[in-house]
Amino acid sequence: KESIERGGRLFASQCAMCHGEKGDGTGELAGKLEFELPDFTKPETLRNRTDGELHYVLTHGCRNMPGDDRLSDEWKWDLINSIRSMSGGG
């Protein structure tokens with residue numbers, strides 16, 4: 001529970017501008033991007049992605065999303081837990 005809460009705060013400050021406050025891919029900057037963002041509120045969005053894959057994406061980026069080497073591994077795992085919880089899969 002604490003990890004999900006910490007990850008939620010990180011998501012709000014680092015991710016929501018693109019991915020949306022709820023993680024639905026409708027953030028303030030989403031409309032300016034030339035690609036569709038994933039909707040983390042839908043269970044099928046991450047169904048086939050492992051936590052390790054998500055950690056890799058946070059670290060190295062994916063397509064147009066840059067990686068982030070400023071976040072500690074602990075913070076990345078908190079973000080992953082929070083993102084997983086957005087679809088009720090906490």
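Here is a friendly conversation about a predicted model and the terms used to describe it.

Author: Residues are numbered from 1 along each chain as its sequence is written. The model is predicted, so local features need pLDDT of at least 70 and side-chain atom pairs count only at pLDDT 80 or more, while totals for chains, interfaces and linings use all residues, and side-chain values use heavy atoms, with hydrogens and water left out.

Reader: What makes up the secondary structure of the chain?

Author: The chain has five helices and two strands. Helices (H or I, at least four residues) and strands (E, at least two) are DSSP runs, numbered from the N terminus. Along the sequence they follow the pattern α-α-α-α-β-β-α.

Reader: Why is the chain called as compact as a globular protein of that length?

Author: The radius of gyration is taken over C-alpha atoms, and the globule rule is 2.2 Å times the number of residues to the power 0.38. For 90 residues the rule gives 12 Å, and the chain has a radius of gyration of 12 Å, so the chain is as compact as a globular protein of that length. Along the principal axes, the C-alpha atoms fill a box of roughly 35 × 30 × 25 Å.

Reader: Why is D78 called buried?

Author: Buried means under 20% relative accessible area, exposed means over 50%, and partly exposed is in between (1.4 Å probe, protein chains only). D78 has a relative accessible area of 3%, so D78 is buried. This residue sits in helix 5. Across the chain, buried residues make up 36% of the 90 residues.

Reader: What does D78 touch, not counting residues up to four places away in sequence?

Author: D78 touches S3, R6 and G7. Contact means heavy atoms within 4.5 Å.

Reader: How do you know whether W77 is buried, exposed or partly exposed?

Author: W77 has a relative accessible area of 37%, so W77 is partly exposed. W77 also belongs to helix 5. Leaving aside neighbours within four places in sequence, W77 is in contact with S3, D51, G52 and H55.

Reader: Is R9 buried or exposed, and how do you know?

Author: The relative accessibility of R9 is 53%, so R9 counts as exposed. R9 lies in helix 1. From R9 to S82 is 73 residues in sequence and 9.1 Å in space, C-alpha to C-alpha. For the chain as a whole, residues 24 or more positions apart account for 42% of the contacts with a separation of 6 or more.

Reader: What makes a space a pocket rather than a cavity?

Author: Rolling a probe the size of a water molecule over the atoms shows where empty space is left. On a 1 Å grid over the protein atoms alone, a cavity is a set of points where a 1.4 Å probe fits but cannot get out, whereas a pocket is an open set with protein on both sides within 12 Å along at least five of seven lines. Lining residues have an atom within 4 Å of a point.

Reader: What is the volume of the largest pocket, and which residues lie nearest its centre?

Author: The volume is about 730 Å³, where grid points are joined across faces, edges and corners and a volume is the space filled by probe spheres set on the points. The lining has 29 residues, of which H19, F40, V57, L58 and M65 lie nearest the centre.
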